[in-house]
Amino acid sequence: MWNLLSDYWLHLLTVLSIAAAAIAIPHAAMTKDDVRAAIGWVGVVLLSPVVGALVYAVAGVNRIRRDSIAAERTGAERRMPEFPGFAADGELVAARFGRRFAALKTAGDRVTRHALTTGNSIVALTTGDEAYAAFIDAIGRARRSVILETYIFDRDRVGLRVADALVAAVRRGVAVRVLVDAVGARYSNPTILGYLRDAGVPADVFNGSFVTRFRLPYANLRTHRKLLVTDCAVAFVGGMNIRQAFTAEFAGADAARDTHFRVEGPVVADLFSVAAEDWRFVTGESLEGDAWRIEAPSGEPGSPVLARAVSSGPDACVETNHRLLMGAFSVARRRIRIMSPYFLPDRELVSALTTAARRGVEVDIVVPAKNNLLLVDRAMTAQFDQVLKNHCRVWRANGPFDHSKLLSIDGVWAFVGSSNLDPRSLRLNFEIDVEVLDAGFAGQIDARIGAALADATPVTLASLRARPFAVRLIERILWLGSPYL
């Protein structure tokens, strides 16, 4: 056998290369919507025999084929017939916010899976100390069910507090499910999963194996969602992972900042359905029965706040967040304010922002002066000139690293959750955000970003161009790899 391989290894390699290319090239041509991406991957496969096909398999296959890709949890499907008065129709939106936001509502209806509803409430939690205390309190109050889905769940002092609350819930008879991303789970070693499982908490990892039942869950596709739902009635959603570095209690004055949100109302049913669908995808278990029952919301139909769950990811919801943001930027008249730790929008979003700026809309983009991901920070610095030379403003927020993902338009419409404005969030990650139409809440988000602006340093074209050529070249090279940073 060894002699055969040594004599014919080149022939075998050629056959293997041709076979791999015959699979990878048609797949790229048929599944890539961007012609540049399709051409690029075909070139990689052709110019790097065998290796190119392997790279494409890991980094280029950006969709997970779910068993029931369009189906949501049965309880979520029943929600609107049971609570029809909570649906926000176009006339209601037009009467309160104008025809342009009614048009945006129609766009949202067509690109998302969930309805815009009335009768919601949403409260901002602006520090890790506040958010984790609220998590633990809600878990402690749960009487029927708790489902938690997150990207990072560290086995540190904060993580163990949350874990202990989940363990206590199980011991008093509450149905608990915990889902942590396979990549995020490894941020701490040992992981929190063993601690939970040893205590009897059902816990699993998202994309934990290379191939699972032919769904092709590659490590490049991650759940970046941060969702906690208790009794299918109260939800927590936003950008906050579970880490002690975000608490002043353990990190002191240098604690990283983030923003999370406590949500009640009919939108919670949709947030729950997203987490339940992910759990079913990973484990095969459907969360049904009395523990997971969705009850009538306590809010008044037709009352503020109008909200919609926006789930996105490399499945049937690919680029949902991207499409909704494109629509939102197009209806802005006065002001667009964005806060994101990682700002690497694609050409379409850059064009939408700069077009708004050319129309006279004030566009302010706030990013941290101190970033936890140096390569991403360098890559996005290389892209700042694209918006700066087209009348947008970019600011570096001073102080500790801020992980918040906040966006407001005209002090009326807000978009908050787990999505960054970068290729990973917009195409590769599974994300969950909330679209909110309410002047009071959007005004709070506007003020939160405005407070960061007050102490921020402006980024200018002159300062970018004054840096050494070698630095700018390195940043540009890193920018080329930004879709996978």
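What follows is a short exchange on a lysine and a cavity.

Tutor: This is a predicted model, where local features need pLDDT of at least 70, side-chain atom pairs count only at pLDDT 80 or more, and totals for chains, interfaces and linings use all residues. Residues are numbered from 1 along each chain as its sequence is written, and side-chain values use heavy atoms, with hydrogens and water left out.

Student: Is Lys105 buried or exposed?

Tutor: Buried means under 20% relative accessible area, exposed over 50%, partly exposed in between (1.4 Å probe, protein chains only). Lys105 has 12% relative accessibility, so the residue counts as buried.

Student: Which side chain does a polar contact of 2.7 Å join to that of Lys105?

Tutor: A polar contact is a pair of N or O atoms within 3.5 Å; within protein, one must be able to donate a hydrogen and the other to accept it, and residues adjacent in sequence count only if both atoms are side-chain atoms. At 2.7 Å, the partner of Lys105 is Asp109.

Student: How much space lies in the largest cavity?

Tutor: On a 1 Å grid over the protein atoms alone, a cavity is a set of points where a 1.4 Å probe fits but cannot get out; lining residues have an atom within 4 Å of a point. Grid points are joined across faces, edges and corners, and a volume is the space filled by probe spheres set on the points. There are 3 cavities of 30 Å³ or more. The largest holds about 100 Å³.

Student: Which residues are closest to the centre of the largest cavity?

Tutor: Its lining has 16 residues. Closest to the centre are Lys405, Leu407, Phe415, Ser419 and Leu421.

Methods:
On a 1 Å grid over the protein atoms alone, a cavity is a set of points where a 1.4 Å probe fits but cannot get out, and a pocket is an open set with protein on both sides within 12 Å along at least five of seven lines; lining residues have an atom within 4 Å of a point.
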